[in-house]
Every structure is written in C-alpha cells, then in structure tokens.
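This report describes the strand pairing and the helix packing of the structure shown below.

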Amino acid sequence: MKKCVFAGTFDPFTAGHLSTADKCLALFDEVVIAVAENKNKTCMFSAKERAEMISAVFQDNPRVKVIIWTGVIVDLLKAENTPFYVRGVRNTVDFEYENADYFASKKLSDKLITLYVPAEQELLHVSSTLVKNSILFQKPYEALVPKAVYEYIQKRGELCLKNK
C-alpha cells in the first residue's frame, strides 16, 4: 500500500488544499493530512478545530487520515512509514520556499521523496490568508473553501456570537 503525507498549517483548509489532497488520492492508497501545530504561528483556528474541519471534508473517505502533528517532517514520515511528502505550490515563491525546505529535510533523511503538486489555474489566488482576511472583514469566502469547512466556520461564528 502506498501512502503519502500532506502536511500544513491549513488555517483554514482551502479549495486549493482540497485540490491537492484529491490529486494525492489519485496517486496513493492512503493520504495522511497532518495539521501542523506550530507554536511560532498565530492561527485563527486551533489545531483541533483545523483537524475537525478537514475531517468533516473527508468524513466519507476512509483513505484519508487526519492527524495533528508537531515536529520535523522526516520524523512524521518515519512514523507513518512512507517516504512520500506532498507539497502544493501556487507560484514561484511557494516553489522556492518548498525547495529550500526540501533540501534542509533531505539532509535529515535521504529517504525523503517530495512531490510538488501545482495548483490549478483557477485556484492560484486562493490562500488561507485570503480566507482569514475575508472572514475578518466579513467578505464572501464560500468559493475559497470546501463546503464542510464553510459550514464549520459559519457554525463556529454563530457559537462565538452566542457566547458573548
């Protein structure tokens, strides 16, 4: 069985992330989506919330496993018993960042195989930052995220308002 790890902050999980995950499913028997818990980043959603959103997107797909992860990617790949690490890229800036990360990670494990998945043209502008800004400034973002993520965020917003 071939599996890959697709890791990221996913704050929140976007339509671009979904497209990359779907491409992973076309190539691999199992896709591990690892929600990174990075204490150096300030996220809009907790790691638990981000994992719940992604789990809702893939609730009917047993080939997707969603986990929360802290640490070095090569350790996660070893724990998941796979060398395949998938990175989505939208532009040359993403590619340069991911390529630098690849070379640093490769020094830690020569077994690492990184696959770059280019974004579809209609998703090049989609980023978690765009979604967060849309939420903060109350602008439409439904087309930028999977339906289950949109519903989760809408419900969360209503709960936050009720608790005030």
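## Pairing around β4

Strands β4 and β5 run parallel and are joined by six bridges; strands are DSSP runs of E of at least two residues, helices are runs of H or I of at least four residues, and both are numbered from the N terminus. Two strands count as paired if DSSP finds at least two bridges between them. Between β4 and β5 the chain passes through helix α4 (residues 92-108), in a right-handed β-α-β crossover (with the strands pointing away from the viewer, the path from the first strand over the helix to the second runs clockwise).

The model is predicted: local features need pLDDT of at least 70, side-chain atom pairs count only at pLDDT 80 or more, and totals for chains, interfaces and linings use all residues. Residues are numbered from 1 along each chain as its sequence is written, and side-chain values use heavy atoms, without hydrogens and water.

Strand β4 is also joined to β1, in parallel, by three bridges, and Tyr-85 is the bridge partner of Val-5.

The open sheet has five strands in the order β3-β2-β1-β4-β5, with parallel pairing. Strands β3 (64-69) and β5 (113-118) are at the edges with a single partner strand each, so one side of each lacks a neighbour in the sheet.

Strand β2 (residues 30-36) pairs with β3 over six bridges in the parallel sense, and Val-32 has Lys-65 of β3 as its bridge partner.
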